[in-house]
Amino acid sequence: AVPLVVAKSTALSAKNGLLIKNRQEFENSRKITTIVFDKTGTLTIGKFEVSKTVSLNSHYSENEIIRFSAALEQNSQHPIATGILQKAKDLSIALTPVKDFNALTGKGVKGTIEGKEVMMVSPGYLKENDISIPEGFAASDTETFGFLLIDNDLIGYVALSDEIRPESFDAIRILKQNNIKSILLTGDNKTVAASVCKTLEMESFIAEVLPEQKLQKIKELQNAGEFVAMTGDGVNDAPALAQADIGIAVGSGSDIAAETAGIVLVNSNPKDIVNLVLFGKATHKKMI
Ligand code: ADP
Ligand code: MG
C-alpha cells in the first residue's frame, strides 16, 4: 500500500504543476541550499523574436542576412532558430536548402549553402576565434546575438529578444526568504545574463558556459557544500541535471531533459519550484 503522506504529496504535486519522477529527490527538496536556473525558457519565456537585422557587407541586404540565417536554422531546435525562422516567414523568405549541417554545441550552427560555408555564432565564438566585433556594435542588456559568417567573413548579425517571465520575480524572492540562493547559469552572453541576474535580484550568474561546463559548475557548488537543485530544458542540460542533487526539467523542454530529471515542471512555471521546496519541508514534518 502507498503510505498516506506519499499519496497525498503526489496528488498535491500534480495540482501544483509538479510531476515527481523520483521520490527520493522530491523528499530531498527540503535540503536545497542553492538552485541553479538555466535562463532561456525557464526564467524567461524562451520565445525569441528578431528585434534587429544588421548587414555589415554591402553585397548582402538585410533580407539576405535573414535568408542565410533561416536556411541554417531550419535544422536547429534552439529557441534562436525558432525566432529566425518566424522572421523569414513574416518576410515571405523561402528556405534555401542547406548541406552538411552541424551544431556547434553551445556556440551556434554551421552548414553549406549555395556552395559557401555559412555559420551563425555567438559573440563568445567571435572572441575565441579573434574575429573582431564590428564597430558600432553595442551589446544590449536584453538581446541575444547571432553573428552570420560566410566563408569566414562577418557579414552581419541578427539581434533577438526574449522576456523575463512575470512569475520569475516571485519565485526568486520567495526562495531567498527561505534562505535558498538562486544562481543563473547560461550559454548566453554575459551582458544579458548580468541584466537578468540584476533584474531578478539573484545571487550571481555564470554566462557563456558550454554544456560540459554546466556539469562542472554543479560539481563545484556541491564541493563547496551546497545541496544543489538545477533546472534545465535542453538536451545540453541533461548531464548537469543528472549531476545535481535534484534535477528539475522544464515541461516545455526536450524529452531527454525530462527523462534525466527527478522532477518535471509541467507548466514550465518557475514559481512551482517554490511549491516544491515548501512541500518538501511540510511533507518531511508529517513523516517524522
Ligand atoms: P542556453 O540554453 O543556456 O541559453 P545554449 O547552450 O543552448 O545555452 O546556447 C548558448 C549560445 O550558443 C546561445 O546564446 C547562442 O549564442 C549560441 N547558439 C546555440 N544554438 C544556436 C543556434 N541554433 N543558432 C544561433 N546561435 C546558437
Ligand atoms: Mg537551453
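1. A nonpolar core, as used here, is a set of buried Ala, Val, Leu, Ile, Met, Phe, Trp, Tyr and Cys residues joined through C-beta atoms within 7 Å. A residue counts as buried if 20 or more other C-beta atoms lie within 10 Å of its own, as exposed if 12 or fewer do, and as partly exposed in between, with C-beta atoms placed from the backbone. Please keep in mind that this is a predicted model: local features need pLDDT of at least 70, side-chain atom pairs count only at pLDDT 80 or more, and totals for chains, interfaces and linings use all residues. Residues are numbered from 1 along each chain as its sequence is written, while chains are lettered from A and ligands numbered from 1 in the order in which they are written.

2. Let's start with the cores. The largest nonpolar core holds 46 residues, and M230, I248, A249 and I263 touch the most other members. Helix 12 (residues 271-287) gives the most to this core, namely five residues; helices (H or I, at least four residues) and strands (E, at least two) are DSSP runs, numbered from the N terminus. Another core lies apart from it, with 29 residues, including A71, L72, I80 and A81.

3. Two residues of this region deserve a look. Contact here means C-beta atoms, placed from the backbone, within 7 Å. Leaving out residues up to four places away in sequence, A249 touches G232, D233, L241, A257, A258, A261, V264 and L265. L265 sits in strand 13 (residues 263-265) and is buried because 26 other C-beta atoms lie within 10 Å. With neighbours within four places in sequence set aside, the contacts of L265 are G17, L18, I248, A249, V250, G251, D272 and I273.

4. Now the domains. The domain assignment gives domain 1 (4-45 + 164-287) and domain 2 (49-161); such bounds come from an automatic or database domain assignment. Their centres, taken over C-alpha atoms, are 31 Å apart. Twelve residues of domain 1 are in contact with twelve residues of domain 2. On the side of domain 1 that touches domain 2, helix 3 (39-43) and helix 8 (190-199) each supply at least two residues, and helix 8 gives the most, with three. That side divides into three nonpolar, seven polar and two charged residues, where Ala, Val, Leu, Ile, Met, Phe, Trp, Tyr, Cys and Pro count as nonpolar, Asp, Glu, Lys and Arg as charged, and the others, Gly among them, as polar.

5. Which residues come nearest to ligand 1? Of the 21 residues around ligand 1, they are S76, H78, G106, S122 and G187; a residue is near if its C-beta atom, placed from the backbone, lies within 6 Å. The shell around ligand 1 draws at least three residues from each of domain 1 and domain 2. Helix 3, helix 5 (79-90), strand 5 (108-113) and strand 7 (143-150) each supply at least two residues of this shell. By type, the shell has four nonpolar, twelve polar and five charged residues.

6. Strand 8 runs antiparallel to strand 3 (residues 49-55), with six bridges, and K52 has A159 as its bridge partner in strand 8. Eight bridges join strand 8 to strand 7, also antiparallel, and F147 is partnered with Y157. Strands 7 and 8 form a hairpin with two residues between them, and D151 in the turn has a positive phi of about 45°.

7. Finally, G83 lies in helix 5. Why does G83 count as buried? The reason is its 22 C-beta neighbours inside 10 Å. Not counting residues up to four places away in sequence, G83 touches F48, E49, V50 and L160.

Terms used
Contact = placed C-beta atoms within 7 Å. Pairing = 2+ DSSP bridges.
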